[in-house]
Amino acid sequence: MEQIRLTKAAVWTEVRDYLTIAVGMLSYCIGWGIFLLPNNITTGGVAGVSSILFWATGFPVQSSYFIINAALLLIALRVLGWRFCVKTIYAVTVLTVGVAAVRAHYDGHLLADQPFMAAIIGAVFCGCGVGLGLSSNGSTGGTDIIAAIINKYRDISLGRVIMLCDVIIISSSYLVLRDWEKVIYGYVVLYVTAFCIDQVVNSSRSSVQFFIVSQKWEQIGRRINLAHRGCTVIDATGFYTGHEVKILFVLAKRRESSVIFRIINETDPDAFVSQSAVIGVYGEGFDHFKVRRKQDKMPAPATGD
């Protein structure tokens, strides 16, 4: 029976990831196809390369976007694994179809006289879309794949990696547009996109810690365990009363805070609870360590005759 519950939970997690990725890609379609591309404002990654090719040759952006990403995904298969690549292929497909639909049904020029606002709004849509994709183990491909590879081994901001990779792409748009103002707008798009990516990804991965002081600590701890979160019992002594007390120490995802508070309130409404945000939590059930393990070269032991 437990195995069935675990299987249903795993299936729901996968379904939720794919739905989230779809929403993220639709957001990216709106930002790129409605606000940036018609106003000749470039962005980073493969979308930026596709935009430049479109302005220079008229080649459809959805076609060049799909072809370039297909080549990059072949490289990523070995490093990121099938699970990441399958979701990325799904994201790239949704985005390709979405952009094709936008280009076919929308030929307007929204905010044509306000390119700065078009850049900001388009960047927000694009950044939130990429962030949703990355938080669900997928991406829009391109420099997102490079960023995901680096982030797998190093604890480096995803948005910052993407920004560094995309500067050269945006700068090269001058060769086609011949307009430094549009290039500057592209840098604005790059910064706002990176900021939105970090905000979305960090909000989905942020964690909190609880210190719970209660006479019913055992019941609370047992219910927290049933909610698939561990807790640690700490022996303490009240300074004023001198009585020995038990403190529960709990680490959880921020989205799980409401569940833990409900458990505490239902079990012991008089419990004393402290909640605080933590910078990072690493280990089972949370993030993995992103440092390279260096193998120390130990000298060979001397052998005596």
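Predicted model: local features only at pLDDT ≥ 70, side-chain atom pairs only at ≥ 80, totals over all residues.
Me: What makes C196 buried or exposed?

Reply: C196 has a relative accessible area of 10%, and because buried means under 20%, C196 counts as buried.

Me: How do you know whether C128 is in a disulfide or in no disulfide?

Reply: The nearest cysteine sulfur to that of C128 belongs to C196 and is 4.6 Å away, whereas a disulfide requires two cysteine sulfur atoms within 2.5 Å, so C128 is in no disulfide. C196 is likewise in no disulfide, its nearest cysteine sulfur being that of C128, and a search of the whole structure finds zero disulfides.

Me: What makes β1 and β4 a pair of strands?

Reply: Two strands pair if at least two bridges are found between them, and strand β1, residues 207-213, is joined to β4 by seven bridges, with the two running antiparallel, so they are called paired. One of the bridge partners can be named, for F210 has Q275 in β4 as its partner.

Me: Why are β2 and β4 called edge strands?

Reply: The open sheet has four strands in the order β2-β3-β1-β4, with antiparallel pairing. Strands β2 (231-237) and β4 (272-278) each pair on one side only, and these are the edge strands.

Me: Which strands does helix α10 touch?

Reply: Helix α10, residues 257-267, packs on the sheet and touches β1, β3 and β4, and its direction makes about 10° with that of β1.

Notes. Residues numbered from 1 in each chain as written. Heavy atoms only, no water. Buried < 20%, exposed > 50% of the residue type's maximum accessible area, 1.4 Å probe, protein only. Contact = heavy atoms within 4.5 Å. Axes fitted to C-alpha atoms, helices over the stretch in contact; angles between N-to-C directions.
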